[in-house]
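Keep the sequence and the model side by side as you read.

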Amino acid sequence: MKRSKNSNAPRPSRRALVKSLIAVPLMPAVSIEAAQQQPSSSEPAPVVRALLDIVRERYGKYLTSDQLDEVRKDLENVVNTGERVRARKLNNSDEPDFIFRAL
């Protein structure tokens, strides 16, 4: 999609889009394939709706309806993954994935 030379509005970069979505809980992907296999309901969760409204407000004029649908699916996957991570109970004896050791 090319921007016309007469347009005064700067086109946002991908980096700007990601920075604007910093409100999305960025959790490590426990199982992205499992999240993508879950059937998406016709009505998104309130958190997904709110985040999609932010994207639509800021970048709606640059995105097609198919692209907005992809953003909605990605947001649903992130929210579902975050819920699964928060649902996982950790014991005090559970160790982190890595151990930092200073040289």
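The paragraphs below go from the whole chain to one helix, then to the core and the salt bridges.

This is a predicted model, in which local features need pLDDT of at least 70, side-chain atom pairs count only at pLDDT 80 or more, and totals for chains, interfaces and linings use all residues. Residues are numbered from 1 along each chain as its sequence is written, and side-chain values use heavy atoms, with hydrogens and water left out.

Start with the layout. The protein chain has four helices and zero strands. Read from the N terminus, the order is α-α-α-α. Helices (H or I, at least four residues) and strands (E, at least two) are DSSP runs, numbered from the N terminus.

Next, the surface. The protein chain exposes about 8,800 Å², and carbon and sulfur atoms supply 53% of that area. Accessible areas come from the Shrake-Rupley method with a 1.4 Å probe; for residues, only the protein chains shown count as cover. Of the 103 residues in the protein chain, 19% are buried. Buried means under 20% relative accessible area, exposed means over 50%, and partly exposed lies in between (1.4 Å probe, protein chains only). Now take contacts (heavy atoms within 4.5 Å). Among those in the protein chain between residues at least 6 apart in sequence, 77% join residues at least 24 apart.

Turn to helix α3, residues 46-59. Its 14 residues should span 20 Å at 1.5 Å a residue, and its end C-alpha atoms are 20 Å apart, which agrees. The expected span is 1.5 Å times one less than the number of residues. Which residues of α3 are buried? They are Val48, Leu51, Leu52, Val55 and Tyr59. These residues lie on the same side of α3, because they cover an arc of only 100° around the axis. The arc is that of the directions from the helix axis to the C-beta atoms. On the other side of α3, Pro46 and Glu57 are exposed.

In soluble globular proteins, nonpolar side chains tend to be buried together. Here the largest nonpolar core has eight residues: Val48, Leu51, Leu52, Val55, Leu68, Val71, Leu75 and Val79. Helices α3 and α4 (65-87) each supply at least two residues of this core. Such a core is a set of buried Ala, Val, Leu, Ile, Met, Phe, Trp, Tyr and Cys residues joined through side-chain atoms within 4.5 Å. Leaving aside residues up to four places away in sequence, Val71 touches Leu52 and Val55.

Now the charges. Side chains of opposite charge can pair when their charged atoms come close. The structure holds five salt bridges. Each is a side-chain nitrogen of Lys or Arg within 4 Å of a carboxyl oxygen of Asp or Glu. In α3, Asp53 and Arg56 sit three residues apart, about one turn of the helix. Their side chains meet in a salt bridge at 3.2 Å, N to O. Asp53 is partly exposed at 44% relative accessible area. Arg56 is partly exposed too, at 40%.

Arg72 bridges to Asp69, with the closest N and O atoms 2.7 Å apart. Is Arg72 buried or exposed? Arg72 is buried, with a relative accessible area of 15%, while Asp69 is partly exposed at 29%. Glu70 pairs with Lys73, the closest N and O atoms being 3.9 Å apart. Glu70 and Lys73 both lie in α4, three residues apart. A network of salt bridges links Asp69, Glu70, Arg72, Lys73 and Glu76.
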